[in-house]
Each structure stands twice: as C-alpha cells, then as structure tokens.
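Please look at the sequence and the structure before reading on.

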Amino acid sequence: MIINTEIDKKGNQFPSKVISCDKEVDTFYFKTENNVTLQLTIIRGSILRFRFSTTFNFEKDFSYAIDEDASRGYNTLEYKEEKDYYVIVTSNVICHIHKADLRSEIFDAVDKKLICEDESGFHWEENYENGGNIVKMSKLAHDAESYYGMGDKPVNANLRGKRFENWVTDSYAYTKHTDPLYKSIPFYTGLHNNKAYGIFFDNSFRSFFDFCHERRQVTSFWAQGGEMNYYFIYGPTMSEVVSRYTNLTGTPELPPMWTLGFHQCKWSYYPESKVREITSKFRELQIPCDAIYLDIDYMDGFRCFTWNKEYFPDPKKMVSDLEKDGFKTVAIIDPGIKIDEDYDIYQQGIENDYFCKRADGPYMKGKVWPGECYFPDYTNPKVRKWWSGLFKELIDDIGVKGVWNDMNEPAVMEVPNKTFPDDVRHDYDGHYCSHRKAHNIYGMQMARATYEGLKKYSYPERPFVITRSAYSGTQRYSSTWTGDNVATWEHLWVANVQVQRMCMSGYSFTGSDIGGFAEQPTGELYTRWIQLGVFHPFCRAHSSGDHGDQEPWSFDEEVIGIVRKFIEIRYQLLPYLYTAFWKYIRHGVPILKSLVIYDQEDTQTHFRSDEFIFGDKILVCPILEQNATGRRMYIPRGNWYNFWDDTIISGGRETRVEADLDSMPLFIKEGAIIPKFPVQQYVGEKQIDELTLDVYFKEGKEKSEIYEDANDGYDYNKGRYSLRSFELNGKKDKLTIQQHKLGTFITAYETFKIRIHGLPFKINKIYIDGEKANSADVKVNGVNSITITKNFNNLQIVGE
C-alpha cells in the first residue's frame with residue numbers, strides 16, 4: 001500500500017569525494033562516491049573538454065556543433081596525484097581536479113598564474129517534470145574580469161553584470177536588451193590580467209548564462225536538460241581563443257566574391273516587371289550591386305519550390321537576363337510546407353514520413369505564411385537528403401544562385417511561445433529526442449540541408465546560403481543576418497554591436513538589414529547605415545514593403561551620391577575583404593575585430609563598443625547619432641592615417657573626429673598595404689588589368705597579405721590560389737617592400753600601381769630586386785605613385 005506519494009525533491013546536488021581516477025590515452029575519468037563521473041579529454045594542448053555524468057554512464061557522444069575536421073592532438077601530457085588534487089599538465093595549461101568535490105582550477109603552464117577556477121563547480125537538479133537533470137556550472141570571477149561573445153545579444157560589448165537566455169526566437173522589431181533572439185551561440189571569452197580563455201557550453205537545450213549578475217563575483221551557466229558538457233579554450237590572447245573556438249566548430253567554404261558585393265532585398269519585389277525596374281535603376285544610377293532577392297511573394301500561394309506564374313511567367317529567362325546584367329538572384333525558402341493534397345512537396349513528405357510529429361503521433365501542425373503547414377524534421381539524415389534534392393529545379397534549371405532560409409527558429413504564428421510545443425519529436429541523427437533538445441539546432445539543420453543541395457547543384461560554383469536561426473557551427477553552412485530590426489538610431493547602434501559580437505563568436509559572415517526592416521528610415525539614418533554596412537562582412541539592404549520604399553533613390557540626390565560613394569569604396573576594397581575572408585576560413589581570424597580583440601593589453605579597449613577593425617588594417621567608427629557632424633572615438637595605440645586626407649594621428653587616446661553626412665571616421669594602420677580594385681558595377685564586370693596597392697608609410701616594419709583566386713570554384717583547395725606576403729620596412733630616407741608569393745594561381749593583371757601615402761622624402765632612385773630601375777621597369781604616375789611588375793621580390797625606393 002502506497003502511503004506517501006510526494007516526490008522527494010532534493011534541490012541542488014553536488015559531487016562528493018573522488019574515489020578513483022583512470023586514464024585512457026587522452027581522456028581521464030574521475031569517479032565520486034555518489035556516482036558522478038567527470039570525463040576530462042585533452043583535445044589540444046590549449047583545449048580541455050569537461051563532461052559530467054550523474055548516472056554511471058554517459059549519453060552517446062554526439063554534437064552538431066563540433067566540426068569533424070577540427071584540429072586535435074598535443075605535444076605534452078603529464079599526470080600526477082597530489083594530496084588534495086590531481087594534476088594534468090599540457091604545454092599550455094595546468095589543470096587541478098580537487099579530490100573533495102571535483103572542482104577544477106586551470107593555470108597558465110608557463111607563468112603558473114591562475115586563469116579560471118570553479119566556484120561550486122558542477123552541480124545539478126533533477127528535472128521531475130521532463131526527466132533528466134538541470135545541469136549547472138559556476139565559476140569565480142576575477143576582479144576586473146570582462147566577458148565577450150554569445151552571438152547576437154544586442155547589448156554593449158562587455159557582458160559583465162548581465163544575464164542571458166539561449167532559445168532561438170522569432171523576435172520581430174526587437175529592441176536593445178531584447179533576449180533571447182535568433183541565435184543560440186553558447187560561447188564566451190573571459191579576459192583578466194591580460195589572459196583570455198573561452199568557454200563553449202555545447203548543450204542544445206534551453207540554456208542560461210549569468211555574468212556576475214546574480215552574484216557579483218560568480219559567473220555561471222546552466223541548461224534545462226542534457227549534459228554538463230563544455231570546452232575550456234585557452235589563448236592567452238582573445239584572438240587565439242576565438243580562432244581555436246572557430247576551428248573547433250568549423251568554418252565555411254570561401255564564399256564566391258560576388259556574395260561580398262552589395263545586395264538589395266525587400267519584402268517583396270514582384271511582379272517580374274518590378275524586379276527588372278529595380279535592377280535597371282541600379283545600373284542607370286551607377287550604384288554597384290551584385291544580388292537581387294525574391295521574398296515569399298514569388299511563390300504560388302507561398303508554397304516552397306513553386307513560382308507564381310502570374311507574377312513570374314518565365315522565371316528562367318528572368319534569372320538569365322538578370323545575370324547578363326550582373327545580378328545574381330537569391331530566393332527565399334521557409335520550412336513550413338503547406339497542407340495541400342495537390343502540392344507535390346507535401347505529398348512527398350507525407351508518403352515518406354518526413355514531417356515532425358507530436359509525442360502521441362499526429363503531425364506537428366502550425367500556421368505560417370501559406371496557412372496551416374507541416375514541418376520537415378531536418379534532424380533526420382533522410383529528410384536532409386530529400387530536402388537538398390528539392391533544389392535541383394531552382395538552382396540547376398532556373399539558375400538561382402543563392403537561397404535565403406527564413407522563419408527557421410522554427411517560427412509559428414498565433415501561438416504564445418512562437419514555436420513548436422516541447423513534445424514534438426525529432427530524429428536528431430538517430431539520437432531521438434523532444435523539441436526541448438532540438439529547438440536550438442532546427443534552423444541550423446535546415447541551413448545544412450539547403451547548403452548540401454546548393455553545393456550539389458551549384459557545382460562547380462560555390463554555394464551561397466543565408467539563415468536567420470543558428471546554433472554554434474552553423475557558420476560551416478551559411479551566412480546570416482541579425483533578423484527583423486527597426487529603422488531607428490538605436491537599431492543602428494544595435495547592428496554595430498551585434499555584428500562585432502557575431503564575429504567574436506566565430507560567425508563572421510554576418511550583416512544587418514541595412515536601413516532597418518520595420519518602419520521607414522530618414523535619408524540621414526539610411527545613409528549612416530549604409531556607411532556602417534559597407535564595412536560589415538555581409539552587406540544587404542532589406543525592408544518590409546509595408547513601410548514604404550527603401551532603395552538608395554528613395555530619398556534625395558545627396559543621399560544617392562553618398563550611398564554610391566560608399567558602396568564604391570566597398571567594391572574597391574573587395575580584394576582586401578576577400579583576403580580577410582580567407583584568413584577567417586583558413587585560420588579562424590574574425591573579419592571584424594572589436595578593439596578589445598585588437599589590443600587586449602590596453603584596458604581602455606575593454607568597454608569600447610562602437611569602434612572596430614575591418615580586416616586587420618582599417619579602423620572604422622560609425623556615426624550613430626542624428627544630426628551629428630562628427631563624434632568622439634577611441635584611437636587604438638599606434639599611428640593611423642585618416643582615410644580622407646592622410647593626416648596622421650597617434651593612438652592610445654580618445655579624440656573628436658569631424659564627419660559630415662558624406663563622411664565617417666575611417667583610419668588606416670601605419671605601414672599597411674591595402675589592395676584595391678577599380679570601381680565595378682558588379683563583381684566580374686571588368687577584367688582587372690592592374691591592382692592598386694595603397695602603401696601607408698611607416699618608419700619601421702609592418703606585414704600585409706593579399707589572397708587571390710578565381711573568385712569562385714574549388715580549385716583554390718588544390719593549390720590554385722595566390723597568396724602574396726608583403727613586408728614593409730620604412731626608414732627616414734628609404735622604403736623597402738619585400739614580396740613572397742605562394743600558390744599556383746596566375747592573376748590576369750601584370751602590374752601593381754603603387755600609391756605611397758605619407759612618404760617623408762622625395763623619390764630619387766628605385767631598385768627592383770637589387771637592380772636600379774629604368775623607365776622600362778617603372779612608370780611614374782605622379783608624386784609618390786608608380787607602376788611596376790607584380791613579380792618583384794624586393795622593391796627599394798630611395799630618397800634624395
């Protein structure tokens with residue numbers, strides 16, 4: 001007879017005394033008296049994985065976030081047992097595991113200084129409602145420790161004192177401090193005493209992070225299910241932390257260069273005559289643009305993979321004509337499949353059982369743009385294969401060049417929680433689960449399936465996908481944008497901090513809806529947003545048609561001229577930006593660098609949110625206030641050239657910079673060599689017959705790089721690329737530039753036009769590879785401008 005049916009709710013539980021430690025190659029197992037096990041794996045000398053179990057056994061090891069090609073291995077691994085703790089030593093860190101309670105401490109292996117230590121460490125609470133545990137981790141915060149990262153959170157760069165939730169959410173017209181948003185990237189970087197480390201909590205359940213918000217000296221993170229499974233990543237520089245995290249979660253293919261141009265989008269451009277009108281106007285006004293987007297109105301009743309033949313009677317011809325004029329077409333595809341027995345895609349999904357189901361068997365039904373819909377389970381490999389095959393007609397036959405995945409949080413209309421109920425079931429690649437676990441990765445797996453389809457049917461060209469929802473690792477498959485923002489000055493500020501934060505969260509191919517999606521910007525706001533957007537990795541203007549027109553010519557002639565001027569600057573800087581993308585893909589280097597990443601030793605950078613480094617040589621600071629004719633900004637340490645007039649300013653201080661509407665604060669790092677293209681209306685419009693190199697003199701040494709390939713295709717993976725490394729060495733009466741080239745790609749141009757800024761002497765003699773140059777070797781274009789062969793090894797310019 002049952003006489004007491006009340007569940008014994010135990011509250012927080014903690015590991016007890018360690019009773020054993022076993023080592024298997026690169027992994028240590030620490031077991032406690034109360035059956036907790038810590039699995040500590042040495043991924044690299046600088047990366048440790050901590051994984052806890054409270055039930056003797058671990059779940060099957062599986063992650064959508066970790067890249068299968070991530071680097072592994074170490075040079076040093078030592079282990080010993082002390083009285084109160086175990087010691088694990090790599091070439092980078094020393095880790096102590098305390099015998100009393102499994103708490104950890106991690107030290108720098110060189111100077112033995114403390115980097116990170118547990119407060120309570122791992123603890124858990126049984127989840128009686130849903131099963132499993134609520135898993136928790138708390139760590140002590142150091143004095144003046146700062147925190148960065150976490151994806152698209154719309155707050156100041158430094159996260160200390162704040163608390164966040166990770167649950168990807170359709171957040172139309174969100175505001176500063178709205179949380180959660182469209183991304184779940186549970187990765188942050190901590191910085192104190194000039195040492196940086198990262199924590200990646202790889203758990204796809206709803207999770208939370210508290211950066212000294214509840215308790216001033218404690219940082220904690222927890223999830224409502226799954227395992228306590230996190231990676232500790234040591235720098236000691238922030239750039240190294242971000243690079244190693246990015247390597248762990250992966251980088252994409254190098255994007256085709258046209259995707260780095262300017263893109264124009266609206267909800268919606270239709271019918272076909274409207275699309276042609278928009279693209280023709282760009283060419284008429286000579287405003288460069290590479291892509292035009294088709295939102296949901298191109299479809300037949302919003303049915304994915306269909307065309308409204310009244311609006312677009314011959315989409316193949318339209319797409320072809322647009323491409324001849326330099327426009328690539330990008331089309332939207334949402335996850336909701338309309339319930340319609342006469343709709344082929346719906347029929348296939350039903351026949352093959354590809355749609356998500358509720359716990360008791362019925363399909364997950366929700367209302368989105370087509371009306372009532374079912375939703376594919378992209379966590380099922382069979383569904384992803386089916387989905388990728390659906391792109392054959394759109395890509396291979398019609399010729400669409402990119403696909404835009406929207407509404408993939410997944411968003412559902414007219415329900416309180418805006419998404420699926422928790423009881424929806426998912427395959428999760430054979431690790432069956434509820435939506436509680438799959439929600440945050442649903443959009444990622446849709447983007448993955450889309451990417452696989454485009455990679456197959458775009459071949460031999462590279463694919464282009466853009467997604468709204470993302471989890472860590474989604475950057476392997478897709479670019480992204482910051483969602484449904486608003487045409488306000490506050491949102492211009494938000495766009496700036498969000499894209500910087502995404503870049504320091506391993507997701508560099510990011511931009512915002514330039515001008516704001518909701519509501520209508522003034523000409524001034526639109527212009528200032530263009531000025532910011534051309535220095536973002538992804539550059540797209542997008543708006544809701546409900547709020548009026550938002551093309552560059554929707555304002556006045558002054559706005560048109562300024563917009564043209566800044567988009568032309570982006571197109572001139574394409575070889576510089578393409579090189580920055582190569583560094584991101586190859587080395588995990590963020591394309592935008594907040595000042596704290598650029599110079600963490602300078603504590604003045606730790607709370608700066610507005611300024612950033614574009615690539616590694618250009619300092620950008622947008623104007624973020626109405627009616628401003630300039631602003632105060634922080635100049636990083638070193639000397640910087642004003643982009644507009646070549647005046648030199650010394651950094652390490654805050655100063656006012658004047659900037660009327662047709663300008664913005666832009667500076668070039670002393671010693672930089674910046675490659676430039678001629679202005680084009682679209683990528684590939686002109687054959688590049690000569691590459692301009694803007695050289696900014698420095699008394700001292702500075703290195704620069706230029707990466708080039710065919711701008712599309714996969715031959716770059718076979719060595720058909722050109723990587724030029726330049727070392728500048730400036731003296732009072734001499735400038736030397738050494739060049740070293742790798743790769744087998746041969747550029748079409750044969751000469752460099754070298755323009756030297758700030759040269760402190762008058763040119764007297766020029767030597768190329770040790771030989772005095774004559775008029776056949778060097779063409780003098782004017783003061784401090786020369787044209788020479790691209791194949792020099794050593795260029796010396798000597799003063800009088």
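## Charges over rings

A charge is said to sit over a ring if NZ of Lys or CZ of Arg is within 6 Å of the ring centre and within 35 degrees of the ring normal. In this predicted model, Lys99 meets that description: it lies over the face of Tyr86, at 5.2 Å from the ring centre.

An arginine provides another case. The charged end of Arg540 is placed over the ring of Trp481, and the distance to the ring centre is 4.9 Å.

## Overall form

The chain has 800 residues, for which a compact globule would have a radius of gyration near 28 Å; the value for the chain is 27 Å, which agrees. The secondary structure consists of 12 helices and 52 strands.

Of the 800 residues, 64% count as buried. The chain exposes about 29900 Å², and 45% of this area comes from carbon and sulfur atoms. Among contacts with a separation of 6 or more, 69% are between residues 24 or more positions apart.

## Aromatic pairs

How many aromatic pairs does a search of the whole structure find? The search gives 72. A pair of aromatic rings is described by the distance of the centres and the angle of the planes.

One of the pairs is made by Trp258 and Phe464: the ring centres are 5.5 Å apart and the planes stand at 70°, so the pair is edge-to-face, the term for planes over 60 degrees apart.

Phe420 belongs to the loop between β25 (402-405) and β26 (425-426), and Tyr442 to helix α7; the two are 22 residues apart, and their pair links distant parts of the chain. Are these two residues buried or exposed? Phe420 is buried, and Tyr442 is buried as well.

## An aromatic cluster

Aromatic residues also gather in a group. Phe50, Tyr147, Phe164, Tyr188, Phe201, Phe209, Phe211, Phe221 and Tyr230 form one aromatic cluster.

Technical notes:
Residues numbered from 1 in each chain as written. Predicted model: local features only at pLDDT ≥ 70, side-chain atom pairs only at ≥ 80, totals over all residues. Heavy atoms only, no water. Phe/Tyr/Trp six-rings, centres within 6.5 Å; stacked < 30°, edge-to-face > 60°. Helix = DSSP H or I, 4+ residues; strand = E, 2+ residues; numbered from the N terminus. Buried < 20%, exposed > 50% of the residue type's maximum accessible area, 1.4 Å probe, protein only. Rg over C-alpha atoms; globule rule 2.2 N^0.38 Å. Contact = heavy atoms within 4.5 Å. Areas by Shrake-Rupley, 256 points an atom, 1.4 Å probe, with all protein chains shown as cover.
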